[in-house]
Amino acid sequence: MDLELTFLGAAGTVTGSRHLLSDGEASVMLDCGMFQGLKTLRQRNWAPFPVDPAEIDAIVLSHAHLDHSGYLPRLVRDGFKGNVYASGATIDLCDILLADSAHLQESDADFANRHGLSKHRPALPLYTAADARRAMMRFKSMDFAVPYEVAPGVHARISRAGHILGASVVEIDWRGTRIVFSGDLGRYGDPLLPDPEPIRQADYLLLESTYGDRRHEPLDAMEQLADIIGRTAQRGGSVIIPAFAVGRAQLLLWYLHMLKKHNRLPAGLPIYLDSPMSVNAVEVYRRHRDLMRPDIRECDEAYGVAHYVRDAEESKKLDTTPMPKVIISASGMATGGRVLHHLKRYAPDPRSTILFSGYQAAGTRGAKMLHGADTIKIHGEYVPVRAELSNLSMLSAHADSDEILRWLRGFKKAPRATFLVHGEPEAADTLRLRIKDELGWSCRVVEHLESVRL
Ligand SMILES: [Zn+2]
């Protein structure tokens with residue numbers, strides 16, 4: 001049988017990244033993501049997996065984000081017995097993210113059962129904490145730039161993609177045919193992570209297109225952060241920053257460290273990192289300092305800029321400590337987590353600022369607040385919003401369309417075919433046109449469950 005590539009997710013959408021390579025003798029999957037967001041997408045997590053998980057020899061993960069790794073515990077539970085190859089940092093972050101995801105699945109099922117919300121009785125979690133632990137045992141660590149035989153005659157090699165700690169571009173050598181998978185590409189000039197490494201050659205390329213129709217604003221996040229903290233402190237208020245626990249929280253610590261170092265913060269201003277998951281992720285960032293752009297000493301100083309709050313009681317007490325102060329807490333779109341307690345306390349306070357730290361998906365509390373909602377509902381209570389609201393919307397872990405093109409220009413010649421994945425239809429199609437017009441490459445947007453012969 002010829003080599004076939006089947007897109008089992010992240011086609012026409014940005015979630016559920018998983019792509020299967022198979023030639024009848026070997027079968028290797030790139031990523032094992034969970035569908036997130038809209039209900040119609042989430043339902044795909046519950047559909048029977050399109051191939052027998054026991055027949056997949058190996059998985060290679062590009063990075064730890066759940067839309068790339070979050071289906072693993074379910075696949076293992078349904079019979080996958082092979083190895084999962086990933087960078088060491090990706091494995092360490094998966095340990096945090098998969099455990100948290102399992103916990104959320106279990107508590108959602110529990111909530112649905114207690115409130116009779118599900119038509120399934122009892123409602124079951126997609127997977128449990130025990131499933132997540134079993135999935136972790138399947139991991140094999142990969143060093144960057146070293147080829148590993150992941151299935152008979154099939155080699156995988158990873159290089160740095162930027163994006164988040166450990167994120168990789170995956171090159172597969174399938175008995176002489178080279179398939180390159182971009183995973184999620186990061187930005188050029190990120191203060192913490194090195195630029196995406198150039199790749200010179202591919203027969204086939206799977207390319208993400210999240211921001212295929214956008215260019216990031218060239219605004220300076222650090223300046224905006226300094227301004228907002230300065231004026232909030234002057235009013236005697238506090239700055240509450242909802243932040244994604246992995247990646248964004250660590251980047252904010254870096255900016256705050258730089259501002260403090262250059263005396264741009266009010267003297268003695270307390271900074272708290274109030275999110276056990278963020279604190280755990282900082283530990284992983286510390287362990288993998290060799291993957292960071294700044295030197296080790298500077299990284300350690302940056303991580304030391306905040307007081308770390310693990311304990312739930314201590315977190316609640318933060319709302320009674322003197323102002324001004326800065327609290328970084330999860331979740332990033334205020335859909336859950338400890339930040340909700342802080343919003344209850346500080347959203348009604350006109351002296352304070354709620355500072356979001358990136359893209360806010362439609363329907364989230366973050367999007368509602370930024371669109372000018374007078375009140376938000378938290379734990380069944382309507383909370384008035386009188387604080388200043390702002391968003392560091394320029395912060396993004398994804399390359400924009402110019403940066404994707406820049407990475408593509410690193411190829412010595414055009415791949416035989418480029419398949420666009422991981423993008424909403426408009427973003428993917430806009431990028432397709434740019435690639436066709438500016439590079440003259442053969443390129444197309446793939447469809448869910450489509451197979452192509454390579
Ligand atoms: Zn990602």
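Predicted model: local features only at pLDDT ≥ 70, side-chain atom pairs only at ≥ 80, totals over all residues.
## Overall build

Let's start with the whole chain. Its secondary structure comes to 14 helices and 22 strands. Along the principal axes, the C-alpha atoms fill a box of roughly 70 × 55 × 40 Å. The radius of gyration is 22 Å, which agrees with the value near 22 Å that a compact globule of 454 residues would have.

Of the 454 residues, 48% count as buried. Among contacts with a separation of 6 or more, 74% are between residues 24 or more positions apart.

## Two domains

The chain is divided into domain 1, made up of 4-214 + 397-453, and domain 2, covering 221-391. Between the C-alpha centres of domain 1 and domain 2 there are 29 Å. Where the two meet, domain 1 gives 16 residues to the contact and domain 2 gives 17 residues. On the domain 1 side, the residues touching domain 2 are 11 nonpolar, 3 polar and 2 charged.

## Helices α4 and α8

Now for a helix pair worth a look in the viewer. Helix α4 (residues 88-114) and helix α8 (residues 276-287) have axes that come within 9 Å and cross at roughly 170 degrees. An angle over 145 degrees counts as roughly antiparallel, so α4 is roughly antiparallel to α8.

From α4, the residues in this contact are A89, D92, L93, I96 and D100, and they meet M277, N280, A281, V284 and R287 of α8. By class, the contact of α4 with α8 has 6 nonpolar residues, 1 polar and 3 charged.

Definitions and conventions: Residues numbered from 1 in each chain as written. Domains from an automatic or database assignment. Contact = placed C-beta atoms within 7 Å. Nonpolar A, V, L, I, M, F, W, Y, C, P; charged D, E, K, R; others polar. Axes fitted to C-alpha atoms, helices over the stretch in contact; angles between N-to-C directions. Helix = DSSP H or I, 4+ residues; strand = E, 2+ residues; numbered from the N terminus. Parallel < 35°, antiparallel > 145°, perpendicular 65-115°, else oblique. Rg over C-alpha atoms; globule rule 2.2 N^0.38 Å. Buried ≥ 20, exposed ≤ 12 C-beta atoms within 10 Å, placed from the backbone.
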